[in-house]
Each structure stands twice: as C-alpha cells, then as structure tokens.
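Visitor: I would like to go through this model and ask what stands behind each term. Please set the values against the definitions.

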Amino acid sequence: MSNSKQAVPETLPLLRDRIDSIDSQIQLLINERATCAQKVAEVKLAEQGGEVVVFYRPEREAQVLRRVMERNEGPLGNEEMAKIFRQVMSSCLALEKPMRIAFLGPEGTFTQQAALKHFGKSIISAPMAAIDEVFREVESGAANYGVVPVENSTEGVVNHTLDSFRDSRLKICGEVEERIHHHLLVSPNISSEDVTHIYSHQQSLAQCRAWLDRYWPHAERVAVSSNAEAARLAADAGRSGRAIAAIAGEVACELYGLSKVSANIEDRPDNTTRFLIVGNQDVPPSGKDKTSLLISAKNEPGALYRLLEAFERHGVDMTRLETRPSLMSRWGYIFYIDFVGHHLDEKCCAVIDELRERASEVKVLGSYPVAVL
Ligand SMILES: O=C(O)C(=O)C[C@]1(C(=O)O)C=C[C@@H](O)C=C1
C-alpha cells in the first residue's frame, strides 16, 4: 500500500534550514521596528517645543512588556520572552539616543545588574562610588538616569537613598526588583579544592553564613568593600596562582571571567532587593502604577493617624511606610509612603490633596510603572 502524502522527516539539516529562514525573517522585522523607533525619535524632536526631548518612556516600555507577556503562548516562558523584547527595546532606544545610566558601583554590583535588567544592555554604564553621587550625576545632567537600591527583604531599608530624596528635585521614574543570588566563584585556572580564603561584602558573607558553615567551615572569610571588588580580587589572585574564591553575583562573574564553583548559595532563596530609577521626568500613567511620597508631619498628637486615615477612607492601598528623622527640628519626622496607583488617578489625587492640608510638606517623589520583570 502506498502512502500518497509522506511526512517530511525532521532531520537536523532540515530543522536548521527552517531556523535559518525564521532567523532572517526575525532580523528583517527587528530592523523594521528599529526604523520605526528612529522615526519616533524624529517626531519627538519635532514636537519638543523648546523643551528637553524625553526619549525614554517608562510607561510605554512597561505597556509593551506587559502585552508581550499577556499574549505569549510558549513554549518560551513569559519572562524569557519579555527579556528578549526588553533587549530589543533597549537597542531601539539606543538608536534614538544612547542613555548614560549612573548606578551604585563599582562595575559588577547588584545595582548594575538591576540597571541592566531595567534598561537592557544597550546603555552607557556610569558606576559611581556612592548613592549621593548617583543623584548628583543625574542632577547635573551628566547621566540621563540613575539606579539606586532602596530596600532589601532581609536587610531592610537603604537609609542613604531615602535621605537623598530630601534635598533632591529628582523624580522616581521606575522600580526594579532583583532576586539576589550569590555564587561561589574562582578564577578558571584555580581548582576549587585549593581555596583557602573566601572574599565578599560583609552582608553577602552574612547572607550565605549557613551554607559556608556547612560546606566551607575551614576557609577564612574576608570582608571587602563590595562583591564586585571581591570578584576582581579573586580574578587577580588567580593570575598569580593564588586560590582565592569570591562570593558575588552573575554580572561580576561574567565581568571578571570567573567560573562558578556553586550557584545560588544564599541561605534565604527569596532574598530580594528593590531598586529605584531616578530621573528628571514625570511619568504618565501606564495602567499599573505606584506612587512614592515624602511627607513632613506636624509634630502633634495623632499626626500620623490623620495621614494614614486618608488612605483608608479613599480605598488607596499603601504598600510601604518608612520613618526618617527630619533634621529640621529635633524629633521631627519625615515619612516615606508608597501606594498603589498614579498621582493623577482620581482617588489618589483626593488623598494627596487631603495630606497637603494635614502635613507641613507633601512632595510627590514620582508615579511610576510597577516593575514588570
Ligand atoms: O514609543 C516610544 O516612545 C519609543 O521611543 C519606542 C520605544 C520602543 O522601542 O518601543 C523605545 C524607547 C522608549 O522608551 C519606549 C518605546
């Protein structure tokens, strides 16, 4: 019996031919998209009307990425697919205008990792030595945006970042969350069995304490200024044949050409840091936003209660409340409040108006899209 319609066997050469053909179509489409982005830049320039042209649009990027995830049917996962589009948009934005991004350095820190996650890889990196330098770099216009850590799920709030908002006119334009994974790294020419010293930032050594006690009880732990510095020292040591390991993240591993001895060695696998993107623009609503406020409260009984009551009455969901000394008066306080919604949303507007009547100062630090990736 003859079969009139024979299935074409899925051989390796045939499958690769099909991949080649799909790749050339994807490439054409990506360039078509890039040409569109170039035209968008021309329109933005033509419409500037004497204002500084804003090429980076966080609300639009969040909408694009959310849509990618919503329509994704697999087999690639939603996050994986969004990461690909994240990079495509990063390349398109760089074509419109290369973005210089200041972040808490040195090269290879988790803050740099967060910057790359948020903006993609097509950025000009500007590592800064301290959080206030990141703010200054953006305020002076030397960098377009800045990235700073604001809170960690195990270590709590980053006071330096909150305090920097007191005297800054910068706005929060975005947030990014990063699961902090630590790896044990050595230079590729070093055998892990020879390791005698393990370098890292004090906090990272603490976050991996139980793992180190269990697997490396005899190695000496050495605290250095940052994880990235630990990775640099391990790479340096490797060149002269000394067996020093570092605990650091993925970016530092790649940057210093180290090999992973063990991955994800943190004691708490949910260890997460939240970072903020600071810039000079007010971000329009994206449909799923958060707002951060700085409030100086009058020093009188029930002051905090009256502030919080407004959120409850208008049904606005507060997600964070931090208190810092105001420095203006002894025992005066500044409250940092995050809530769900955009400051232009009706009920958020109503809350902010009431807060203004009840507090001595209310500063909207920014409304920005809820982190997508
Ligand atoms: O829509 C825009 O305003 C664009 O510039 C295009 C685009 C994109 O590639 O999709 C690029 C950069 C912006 O940050 C947002 C989106």
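Guide: The secondary structure of the protein chain comes to 12 helices and 15 strands. This is a predicted model, in which local features need pLDDT of at least 70 and side-chain atom pairs count only at pLDDT 80 or more, while totals for chains, interfaces and linings use all residues. Residues are numbered from 1 along each chain as its sequence is written, and side-chain values use heavy atoms, with hydrogens and water left out.

Visitor: What makes a stretch a helix or a strand here?

Guide: Both are DSSP runs, numbered from the N terminus: a helix is H or I over at least four residues, a strand is E over at least two. Helix α4 covers residues 110-119, and α6 covers residues 159-166.

Visitor: Why is T109 called buried?

Guide: Buried means under 20% relative accessible area, exposed means over 50%, and partly exposed is in between, with a 1.4 Å probe and protein chains only. T109 has a relative accessible area of 10%, so T109 is buried. In the protein chain, 46% of the 373 residues are buried.

Visitor: Where does T109 lie, and which residues is T109 in contact with?

Guide: T109 lies in the loop between β1 (100-104) and α4. Contact means heavy atoms within 4.5 Å. Leaving aside neighbours within four places in sequence, T109 is in contact with F103, L104 and A228. T109 and V251 are 142 residues apart in sequence, yet 7.2 Å apart in space, C-alpha to C-alpha.

Visitor: What makes α4 mostly covered?

Guide: In α4, 9 of the 10 residues are buried; among them are F110, L116 and F119. Just after α4, G120 takes a positive phi of about 80°. Helix α6 is also mostly covered, with 6 of its 8 residues buried, including L162, D163 and F165.

Visitor: How do you know which residues surround the ligand?

Guide: A residue is near a molecule if one of its heavy atoms lies within 4 Å of it. The residues around the ligand are R33, V40, K44, F55, Y56, R57, R60, E61, M89, C92, L93 and E96. Helix α3 gives the largest share of this shell, 4 residues.

Visitor: What makes 6 of the shell residues charged?

Guide: Asp, Glu, Lys and Arg count as charged; Ala, Val, Leu, Ile, Met, Phe, Trp, Tyr, Cys and Pro count as nonpolar; the others, Gly among them, count as polar. On that scheme the shell has 6 nonpolar, no polar and 6 charged residues.

Visitor: Where are the domain bounds?

Guide: Bounds come from an automatic or database domain assignment, giving domain 1 (52-179), domain 2 (183-262) and domain 3 (282-369). The contact between domain 1 and domain 2 takes 11 residues from each.
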